[in-house]
Amino acid sequence: MPLNRDDILRALETVKLPDGKSLPASGRLTDVVINDGKVIFAITVDPSEVNALEGVRSSAEQIVKRVPGVTGALVGLTADKAAGSSPAPGPTPMRSGPKNPPAATSKLAGIPGVKHIIAVASGKGGVGKSTTSCNLALGLAALGLKIGILDADIYGPSQPKLFGLRGKPRVTPERKMEPLERYGVKVMSIGFLVDEETAMIWRGPMVMSALTQMLREVAWGDLDVLVVDMPPGTGDAQLTMAQQTPLAGAVIVSTPQDLALLDARRGVAMFRKVNVPVLGVIENMANFSCPNCGHVSPIFGHGGARAEAEKTGVPFLGEIPLHMEIRETSDEGRPVVATAPDGPHSQAYLAIARKVWATLESGVASKPAPKIVIE
Ligand code: ADP
């Protein structure tokens, strides 16, 4: 008999909430997704209950793992969606998110051993956010720092390819997942855990639970910086993530034309809304540098980022040219900062990494950000 939802619900009846109700009777379960023996669901909580219900989450996961036919279980806590309703086809509106963000942000527990967590975000997809996260992480590692990268871009995990990594993380005796490691950086991605099709099921509430689990149930060890490659855009799912991750700051990646379209400004506004300091803007694909003759052309109209950053009071972290070497090395899993550290592109990423680290260490990132208004 193939595994079905009722088997899982029956097993979960033994899991009790603090008020004595069983988990299925509490109305807090999201839909249970079963895919090839892997069971994925979340428990709906109010953000203030996250710590209190962590024990319930982990016993639910252990119990489901013991059900015959289950090959893996991923259970998360979510504040993203009303209990008992069926999964939405995309990110769902939040119940309590944007109304009370500052409290949620400031109360989040950090990750033991991890000094700073920073998000790398963009107003929309395709601007080079993942490529920049990867090379920024490598740039920080080149400064002699202990670095991890968490690929939270659940809709399109790219870090396994960028780092040229495959395989499944090992599980430690403490039941934490070991990140994979390459070029001196610890890497964790949903891409190591599920295939691409399954990743697409992880919509709305699942996105948050997956992120929480990858943040907290991975044996990161001691890190100076954990770089989080966020999903692109500024929708509710991204806002919830920004709100529920103990972030020291955020870096916004933008192309020159993206700035003109206000997308990057929306990214800046999103982090400010949840009181996460914006460490600065990186202008990616700033100008085209010809691989044959070296001639540099500002094909997208260059310089907008610096001006825009100044206008909104956000530091400008630097620019990265549009260059074949960056694309090719990314596609081959040989990122430029790791494989051509002395070249001009690596130097550009390194200069940005130095600025990011200096800001984190100066404590500027912990000061509350000023409010901005978007016209
Ligand atoms: P995002 O994460 O914003 O969706 P990616 O990092 O996946 O974007 O980049 C999209 C594409 O652009 C990839 O093929 C990547 O190799 C390429 N790319 C990113 N930055 C650069 C750059 N500076 N020069 C050349 N190609 C780039």
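So, phenylalanine 163: in this predicted model, its relative accessibility is 0%, so we call it buried. Tyrosine 183 comes out at 29%, which means partly exposed.

Why put those two side by side? Well, the structure holds one aromatic pair, and the rings of phenylalanine 163 and tyrosine 183 make it up, with centres 6.5 Å apart and planes at 35°, so we're looking at a tilted pair. An angle under 30 degrees would have counted as stacked, and one over 60 as edge-to-face.

Now, where do the two partners sit? Phenylalanine 163 is in the loop between α5 (159-162) and β6 (180-182), while tyrosine 183 is in the loop between β6 and β7 (185-189), so the pair ties together parts 20 residues apart in sequence.

Which elements give two or more residues to the shell around it? Those are α4 (129-142), β10 (278-289), β12 (316-322) and α13 (324-331).

There are 16 residues around the ligand, and the ones that come nearest are Gly126, Lys129, Ser130, Thr131 and Pro321.

Glycine 126 has a polar backbone atom 2.9 Å from an oxygen of the ligand. Proline 321 also uses a polar backbone atom, 2.8 Å from a ligand nitrogen. With asparagine 284 it's a polar side-chain atom, 3.0 Å from a nitrogen of the ligand.

And how much of the ligand does the protein cover? On its own, the ligand has 560 Å² of accessible area, and the protein covers 80% of that.

Methods: Residues numbered from 1 in each chain as written. Predicted model: local features only at pLDDT ≥ 70, side-chain atom pairs only at ≥ 80, totals over all residues. Heavy atoms only, no water. Phe/Tyr/Trp six-rings, centres within 6.5 Å; stacked < 30°, edge-to-face > 60°. Helix = DSSP H or I, 4+ residues; strand = E, 2+ residues; numbered from the N terminus. Buried < 20%, exposed > 50% of the residue type's maximum accessible area, 1.4 Å probe, protein only. Near = heavy atom within 4 Å. Polar contact = N/O pair within 3.5 Å; in protein donor to acceptor, adjacent residues only side chain to side chain. Areas by Shrake-Rupley, 256 points an atom, 1.4 Å probe, with all protein chains shown as cover.
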